Amino acid sequence: MKTIHIDSRGDLPEAAEAVVEAIGERSVVVFRGGMGAGKTTLIREIVARLGAGDTVTSPTFAIVNHYSGSGGRPIYHFDFYRIDRSEEAYDFGYEEYFYSGDLCLIEWPEKIEELLPDGVMTVRITPGEGERRTIEID
């Protein structure tokens, strides 16, 4: 596990680069942290590091947003906060995304825990005082 302490948003590029380096061959990354921990903000920086010029916003209502990284590589950004039952993930065909080999960045994975494939990478964000965050990459 790698632990990164950041003091402000200005430190996010370093944290995002560490996450990108840790991904390796994995394609599913889950982001754990409470409301306002900075999951979407970190994902925004990761997507930019991967070459996407898209505007990154939380897909809270859409559930999934699609971005194009370097070379047109698809990046999918999920937010399962509004899911009440994991069965709802079947309605939009989660398997096609999670098992596609394309990068899937998932907020609120707790809502669909039993549907996650083996070998996911976990990023935990723990807020501190002000803009301080502890980011653990596992």
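Buried means under 20% relative accessible area, exposed means over 50%, and partly exposed lies in between (1.4 Å probe, protein chains only). Strand 5 is mostly covered, with 5 of its 5 residues buried. This is a predicted model: local features need pLDDT of at least 70, side-chain atom pairs count only at pLDDT 80 or more, and totals for chains, interfaces and linings use all residues. Residues are numbered from 1 along each chain as its sequence is written, and side-chain values use heavy atoms, with hydrogens and water left out.

**Sheet**

- An open sheet is formed by 7 strands in the order 1-7-6-2-5-4-3, with mixed pairing. Strands (E, at least two residues) and helices (H or I, at least four) are DSSP runs, numbered from the N terminus. Two strands pair if DSSP finds at least two bridges between them.
- Strand 1 (2–6) and strand 3 (64–68) are the edge strands, each pairing on one side only.
- From one strand to the next, the twist averages 20°. Axes are lines fitted to C-alpha atoms, for helices over the stretch in contact, and angles run from 0 to 180 degrees between N-to-C directions.
- Strand 2 and strand 5 pair in the parallel sense over 4 bridges. V30 has I106 as its bridge partner in strand 5.
- Strand 4 and strand 5 also run parallel, joined by 5 bridges. F78 has I106 as its bridge partner in strand 5.
- Strand 6 (residues 121–127) and strand 7 (residues 133–137) run antiparallel, joined by 5 bridges. P127 has R133 as its bridge partner in strand 7.

**Helices on the sheet**

- Helix 1 (residues 12–23) packs on the sheet and touches strand 1, strand 2 (28–32), strand 5 (103–107), strand 6 and strand 7. Its direction makes about 165° with that of strand 1.
- Helix 2 (residues 39–49) lies across strand 2, strand 3, strand 4, strand 5, strand 6 and strand 7. Helix 2 runs at about 165° to strand 5.

**H77**

- H77 lies in strand 4. It counts as buried because its relative accessibility is 0%.
- The side chain of H77 makes polar contacts with the side chains of Y67 at 3.0 Å and E107 at 2.6 Å. A polar contact is a pair of N or O atoms within 3.5 Å; within protein, one must be able to donate a hydrogen and the other to accept it, and residues adjacent in sequence count only if both atoms are side-chain atoms.
- Leaving aside neighbours within four places in sequence, H77 is in contact (heavy atoms within 4.5 Å) with residues including T40, I43, V56, Y67, L105 and E107.

**Aromatic rings**

- The whole structure holds 11 aromatic pairs. Rings of Phe, Tyr and Trp (its six-membered ring) pair if their centres lie within 6.5 Å; planes under 30 degrees apart count as stacked, over 60 as edge-to-face and the rest as tilted.
- F78 and F98 form an edge-to-face pair, 5.4 Å centre to centre with 85° between the planes. The pair links F78 in strand 4 (residues 74–79) to F98 in helix 4 (residues 94–98), 20 residues apart. Both F78 and F98 are buried.
- F80 and F92 form a stacked pair, 6.0 Å centre to centre with 25° between the planes. F80 is buried at 0% relative accessible area, whereas F92 is partly exposed at 25% relative accessibility.
- One aromatic cluster is formed by Y76, F78, F80, Y90, F92, Y94, Y97 and F98.
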